[in-house]
Amino acid sequence: MLNRSPRNTDALLGLGSIAEKQGFAAKARRYYVKTLEQNPNNVYAKAALARKADKLSPTEKQSRLKTLIAEYPKSAGLYFSLGNQYAEQGHWAKAQTVYFQATTLEPQRPEYVLNLAVSMDHLGKSDIALQYYRKALGLAISKPTRVDAARVEKRIHQLTFQ
């Protein structure tokens, strides 16, 4: 796609995401920066760079994401990224709050619903978590996703029969 359209932000973001998942942080950063060169307000590239800023402390990353959320309050991806930051630190109540916001903005994203379920699970809200696990599983079956359906089914089974 980049051969045909070198300024295609979707392609740049996609390649950045792939590089990130494969562990090539510098390469991913270059794609995200190129995206911002094409579109300085691209919220996804900004979120990726804020999330992956190696030299920043978790608190500084959270602060950057909160600033971006203030600028782009309708970006579910930013709330999801902030939730992931909180979850990495074990701040499950904060994670649950922002995962809920992400899910409210984009209720059909299985990853958002799943992470909301996981945060509820960590907070001991098993009944509510079970509802969200089931919803995430239903969404994951109906669309391509990174959600591991087998793991979700296993957790649903554990919660159902505990």
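## Exercises on burial and salt bridges

At 15% relative accessibility, D121 counts as buried in this predicted model.

**Exercise 1.** Find the salt-bridge partner of D121, and state where in the chain the two residues lie.

*Solution.* Begin with the side chain of D121, which meets that of R155 in a salt bridge with an N to O distance of 2.7 Å. Finally, consider R155 itself, which counts as partly exposed because its relative accessibility is 25%.

**Exercise 2.** Work out which residues are linked with R109 in a network of salt bridges.

*Solution.* First, R109 forms a salt bridge with E106, where the closest N and O atoms are 3.4 Å apart. Second, the side chain of R109 also meets that of E111, at 3.6 Å from N to O. Taken together, E106, R109 and E111 make up a network of salt bridges. As for accessibility, R109 at 31% is partly exposed, and E106 at 25% is partly exposed, whereas E111 has a relative accessible area of 12% and is therefore buried.

**Exercise 3.** Decide whether G83 is buried or exposed, and describe its surroundings.

*Solution.* Start from the relative accessibility of G83, which is 0%; because buried means under 20%, G83 counts as buried. Then locate G83 in helix α5, which spans residues 76–88. Lastly, setting aside neighbours within four places in sequence, list the contacts of G83, which are A95, V98 and Y99.

Notes
Residues numbered from 1 in each chain as written. Predicted model: local features only at pLDDT ≥ 70, side-chain atom pairs only at ≥ 80, totals over all residues. Heavy atoms only, no water. Helix = DSSP H or I, 4+ residues; strand = E, 2+ residues; numbered from the N terminus. Buried < 20%, exposed > 50% of the residue type's maximum accessible area, 1.4 Å probe, protein only. Contact = heavy atoms within 4.5 Å. Salt bridge = Lys/Arg side-chain N within 4 Å of Asp/Glu carboxyl O.
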